[in-house]
Amino acid sequence: PHRNPQPVTMGIPSVVNMASHLQNASRARLGLTSVQHTKYNLGLALALHRAGFISFVTRGGPHPPDPATITTYEPEPLTTANVAKQRLWLGLKYTNNEPVLAKMTAISSSKRRVTANLKALERLTRGFDASHQRGLNLGECMFVTTSRGVLEAREAVERKVGGMLLCRAGP
């Protein structure tokens, strides 16, 4: 049977909201912020963490975890009763009082999905334009949802997969 290579786009609006929320939170110099707990948001948050844009990702309720005990914080188990109230708590990073994640813009939306095959991603990561996108600048990252989860564009090229472009993030 033929598998549909396109991921389901149920979570795209939450990713668009997450991108603008994180940009606003870092401009407001917040140390800790939360986003809705969705599969897409979790994948993107973990990819941002791997890329070094955020200091930690943890699941929690409507109230933030204590920053002093964040390394040993154990979230309550997910149940059908509390799943709707769950948030992803993200630690924002700053260098010399400047946000590490200064700019974050969504690429795909629920109305317009932007995809890039491996060849297009290779061009984008080298700084050339492709898939109606301008190439990546120094320090800038692009996040792609692939069959192997949400990856940074360079990770996707390394693993030889293309996918749907979620957002760009950078200084």
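Of the 26 residues that form the largest nonpolar core, those touching the most other members are Met18, Leu22, Leu44, Leu48, Met104, Phe143 and Leu166. A nonpolar core is here a set of buried Ala, Val, Leu, Ile, Met, Phe, Trp, Tyr and Cys residues joined through side-chain atoms within 4.5 Å. Two or more residues come to this core from each of α1 (12-27), α2, β3 (87-92), β8 and β10, and α1 gives the most, with six residues. Helices (H or I, at least four residues) and strands (E, at least two) are DSSP runs, numbered from the N terminus. In soluble globular proteins, nonpolar side chains tend to be buried together.

A word on the basis of these values is in order. The model is predicted, so local features need pLDDT of at least 70 and side-chain atom pairs count only at pLDDT 80 or more, while totals for chains, interfaces and linings use all residues. Residues are numbered from 1 along each chain as its sequence is written, and side-chain values use heavy atoms, with hydrogens and water left out.

The chain as a whole has four helices and ten strands. From the N terminus on, its elements run α-β-α-β-β-β-β-β-β-α-β-β-α-β. The radius of gyration is 16 Å, close to the 16 Å that the globule rule gives for 171 residues, so the chain is as compact as a globular protein of that length. This radius is taken over C-alpha atoms, and the rule is 2.2 Å times the number of residues to the power 0.38. Along its principal axes, the C-alpha trace spans about 50 × 45 × 30 Å. Of the contacts in the chain with a separation of 6 or more, 69% are between residues 24 or more positions apart.

Buried residues account for 43% of the 171 residues, where buried means under 20% relative accessible area, exposed over 50%, and partly exposed in between (1.4 Å probe, protein chains only). The chain exposes about 9600 Å², and carbon and sulfur atoms supply 54% of that area. Accessible areas come from the Shrake-Rupley method with a 1.4 Å probe; for residues, only the protein chains shown count as cover.

Helix α2 makes a handy check on geometry. At 1.5 Å a residue, its twelve residues (39-50) should span 16 Å, and the end C-alpha atoms are 17 Å apart, which agrees. The expected span is 1.5 Å times one less than the number of residues in the helix. The buried residues of α2 are Tyr40, Asn41, Gly43, Leu44, Ala45, Ala47 and Leu48. After the helix comes Gly52, whose phi is positive, near 90 degrees.

Charged pairs come next. Side chains of opposite charge can pair when their charged atoms come close. The structure holds five salt bridges, each being a side-chain nitrogen of Lys or Arg within 4 Å of a carboxyl oxygen of Asp or Glu. In one of them, Arg50 pairs with Glu155, with the closest N and O atoms 3.2 Å apart. This pair links distant parts of the chain, since Arg50 is in helix α2 and Glu155 in helix α4 (residues 153-158), 105 residues apart. At 46% relative accessibility, Arg50 counts as partly exposed.

Glu140 forms a salt bridge with Arg168, the closest N and O atoms being 3.1 Å apart. Glu140 lies in the loop between α3 (118-125) and β8 (141-146), and Arg168 in strand β10 (residues 163-170), so the pair ties together parts that are 28 residues apart in sequence. Both Glu140 and Arg168 are buried. Arg134, Glu140 and Arg168 are linked in a network of salt bridges. Between Arg154 and Glu152, another salt bridge brings the closest N and O atoms to 2.9 Å. Arg154 is partly exposed, at a relative accessible area of 34%, whereas Glu152 is buried, at 6%.

Ala120, found in helix α3, is buried, with a relative accessible area of 11%. Leaving aside neighbours within four places in sequence, Ala120 is in contact with Ala130 and Ser131.

Definitions and conventions. Contact means heavy atoms within 4.5 Å.
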